[in-house]
Amino acid sequence: MRPTQPLCRRLRRLALTTKQVNGGFYKGTGSGSMGRHTKHGDYVIEWHKVRTYIVPQQLKDFKLTPFVTRNMEPLKGNFEGDKKGGLSGQRYLDRWKRENGVD
């Protein structure tokens, strides 16, 4: 059974998957490598491969705007009376029970 010709035309426009081509095709994620593995299992960063983003000098007059407002203040948690602070498992369980009910 073969798909109809209009369906075949639509399939050709889609991106290739690894199931549609031979075994040597590897799509990857587009992230690229920033170093190499050594024979001892370590990873060495090669700094000439690391991406560097240049920020414009005059951001006040910059025409593009960020996705987040610049007026937002950083949020800080309130963990008074808890030795572990935000890492407390009991605090997490209490909040879960408060929001989802008791099982």
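Start by selecting R36, E46 and K49: these residues are linked in a network of salt bridges. You are looking at a predicted model, so take this tour as a walk through computed geometry.

E46 belongs to the loop that runs between β2 (43-45) and α2 (89-100). Is E46 buried or exposed? With a relative accessibility of 17%, E46 counts as buried, because the limit for that label is under 20%.

Now show the side chains of E46 and R36. They meet in a salt bridge, with N and O 3.0 Å apart.

Next, turn to K49. Its salt bridge with E46 has its closest N and O atoms 3.3 Å apart. K49 is partly exposed too, with a relative accessible area of 34%.

Once residues up to four places away in sequence are set aside, E46 touches M34, G35 and R36.

**Second stop: V50 and M34**

Stay in the loop between β2 and α2 and click on V50, which is placed there. At 22% relative accessibility, V50 counts as partly exposed. Which residues does V50 contact beyond its neighbours within four places in sequence? They are M34 and I45.

Together M34, Y43, I45 and W47 form a nonpolar patch on the surface, with about 450 Å² of accessible area. I45 is found in strand β2, and its relative accessible area of 39% makes it partly exposed.

Move along to helix α2 and select R95 and E99. These residues form a salt bridge whose closest N and O atoms are 2.8 Å apart. Both R95 and E99 lie in α2, four residues apart, which is about one turn of the helix. An α-helix has 3.6 residues a turn, so residues three or four places apart point the same way. E99 is exposed, with a relative accessible area of 51%.

While α2 is on screen, compare its ends. How far apart are the end C-alpha atoms of α2? They are 16 Å apart, which agrees with the 16 Å that its 12 residues should span at 1.5 Å a residue. Just after α2, select G101, where phi is positive, at about 85°.

**Last stop: the whole chain**

Zoom out and colour the model by secondary structure. The protein chain has two helices and two strands, and from the N terminus on its elements run α-β-β-α. A search of the whole structure finds three salt bridges, and you have now visited R36 with E46, K49 with E46, and R95 with E99.

How many of the 103 residues count as buried, as a percentage? The share is 4%, and E46 is buried, with its relative accessible area of 17%. With the surface still on, note that the accessible surface of the protein chain comes to about 11100 Å², of which 55% belongs to carbon and sulfur atoms. Finally, consider the contacts in the protein chain with a separation of 6 or more: residues 24 or more positions apart account for 0% of them.

Methods
Residues numbered from 1 in each chain as written. Predicted model: local features only at pLDDT ≥ 70, side-chain atom pairs only at ≥ 80, totals over all residues. Heavy atoms only, no water. Buried < 20%, exposed > 50% of the residue type's maximum accessible area, 1.4 Å probe, protein only. Contact = heavy atoms within 4.5 Å. Patch = residues over 30% accessible without salt bridge, like charges linked within 9 Å, V, L, I, M, F, W, Y side chains within 5 Å. Areas by Shrake-Rupley, 256 points an atom, 1.4 Å probe, with all protein chains shown as cover. Salt bridge = Lys/Arg side-chain N within 4 Å of Asp/Glu carboxyl O. Expected span 1.5 Å × (residues − 1).
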